[in-house]
Amino acid sequence: MSDHFDTMPSDIAAGSARRDPYVLGRSSGQGEGRSRHQGATGHGEGGPASKFVTVTYGFWIFLLSDIIMFSAFFASYAVLANATDNGPTGKQLFDLTRVAIQTGLLLTSTFTAGLASLAVERRSMIRTQAWLLVTGVLGALFLLLEGQEFITMIGEGAGPARSAFLSAFFALVGCHGVHVGLGILWLGTMMAQLWVKGFRVEILRRLHCFSLFWHALDIIWVAIFSLVYLLGASQ
């Protein structure tokens, strides 16, 4: 009996218990004893987060602020959707075939942007540039169709000054179009920098941020397609 109690865990010597390898700031080997007393302070041997992580975190904050801005545009459109002032309604104006083609173009461009990210991981310059080029062309075609829609509506007397409904429509859809245009300019700049400087660390960070931006535009467009065009055409 006495032999059994002699081997109980309470008698294990201090410092011989199994240590958690996932404690923040702990590294294997050197400095291990000091980390055990510091705990998860975030300032251990692991050091602060890398610049890639901090830049990505900051860009996510920017994207969230952008989404909040679009939420205000969506709320305004929802309030003014029926304020047509005896003018044309969405059912009379919206061409769902053209909008469906626009949606297909933007969704496909997001897919090709993902393929470009995979090519970046493999450090394939030709494939990365090719997929980025396809992404830009698809985005430009999306903008071309959107511009045709705006020109057609204005030519029919359904410009943004015709009614509160059309003011809200042009503000929401136009703001998204401006973002797509800026994204295409950003994409062209990134292609040039990538070609000249190669897969440097700062270029990879910018490409990652561009990919996040382009995916966010895709999500916002799906909301526009569902809440503006589909609901507008069904009323």
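Mentor: Start with burial. Buried residues make up 38% of the 235 residues in the protein. Keep in mind that this is a predicted model.

Trainee: What makes a residue such as Cys-209 buried?

Mentor: The cut-off is under 20% relative accessible area. Cys-209 has 6%, so Cys-209 is buried. Cys-175 has 15% and therefore counts as buried too.

Trainee: How many disulfides are found in the whole structure?

Mentor: The search finds 0. A disulfide would need a pair of cysteine sulfur atoms within 2.5 Å.

Trainee: What is the fold made of, in helices and strands?

Mentor: There are 8 helices and 0 strands. Along the sequence, the pattern reads α-α-α-α-α-α-α-α.

Trainee: Which residues of the largest nonpolar core touch the most other members?

Mentor: That core has 47 residues. Tyr-77, Phe-94, Phe-169, Trp-221, Ile-224, Val-228 and Tyr-229 touch the most other members. The elements giving two or more residues to this core are α3 (51–80), α5 (96–121), α6 (125–155), α7 (164–197) and α8 (201–234). The most come from α8, with 16 residues.

Trainee: What does Val-228 contact beyond its neighbours in sequence?

Mentor: Set aside residues within four places. Val-228 is then in contact with Tyr-77, Phe-94, Phe-169, Leu-172 and Ala-223.

Trainee: How do you know whether the span of α6 agrees with its number of residues?

Mentor: Compare two values. At 1.5 Å a residue, the 31 residues of α6 should span 45 Å. The end C-alpha atoms of α6 are 45 Å apart, so the two agree. Just after α6, Gly-157 takes a positive phi of about 80°.

Trainee: Which backbone oxygen lies 3.0 Å from a polar atom of the Gln-129 side chain?

Mentor: That of Met-191. Leaving out residues up to four places away in sequence, Gln-129 touches Met-191, Leu-194 and Trp-195.

Trainee: Ile-154 is in helix α6 as well. What class does its relative accessible area give it?

Mentor: The value is 48%, so Ile-154 is partly exposed. Exposed would need over 50%. Beyond four places in sequence, Ile-154 is in contact with Gly-159, Pro-160 and Phe-170.

Trainee: How many salt bridges does the structure hold?

Mentor: It holds 2. In one of them, the side chains of Arg-162 and Asp-85 meet at 3.9 Å, N to O. Arg-162 lies in the loop between α6 and α7, and Asp-85 in the loop between α3 and α4 (90–93), so the pair ties together parts that are 77 residues apart in sequence.

Trainee: What makes 3.9 Å count as a salt bridge for Arg-162 and Asp-85?

Mentor: The limit is within 4 Å, nitrogen to carboxyl oxygen. The Arg-162 and Asp-85 pair, at 3.9 Å, therefore qualifies. Accessibility gives each partner its own class. Arg-162 is partly exposed at 30%. Asp-85 has 54% and counts as exposed.

Trainee: Which residue forms a salt bridge with Arg-200?

Mentor: Glu-202 does, with the closest N and O atoms 2.9 Å apart. Arg-200 counts as partly exposed at 42%. Glu-202 has 19%, so Glu-202 is buried.

Trainee: Where does Arg-123 lie?

Mentor: In the loop between α5 and α6. Arg-123 also has a positive phi, about 55°, and is not a glycine. Its relative accessible area is 45%, so Arg-123 is partly exposed.

How values were computed:
Residues are numbered from 1 along each chain as its sequence is written. This is a predicted model: local features need pLDDT of at least 70, side-chain atom pairs count only at pLDDT 80 or more; totals for chains, interfaces and linings use all residues. Side-chain values use heavy atoms; hydrogens and water are left out. Buried means under 20% relative accessible area, exposed over 50%, partly exposed in between (1.4 Å probe, protein chains only). A nonpolar core is a set of buried Ala, Val, Leu, Ile, Met, Phe, Trp, Tyr and Cys residues joined through side-chain atoms within 4.5 Å. Helices (H or I, at least four residues) and strands (E, at least two) are DSSP runs, numbered from the N terminus. Contact means heavy atoms within 4.5 Å. The expected span of a helix is 1.5 Å times one less than its number of residues. A polar contact is a pair of N or O atoms within 3.5 Å; within protein, one must be able to donate a hydrogen and the other to accept it, and residues adjacent in sequence count only if both atoms are side-chain atoms.
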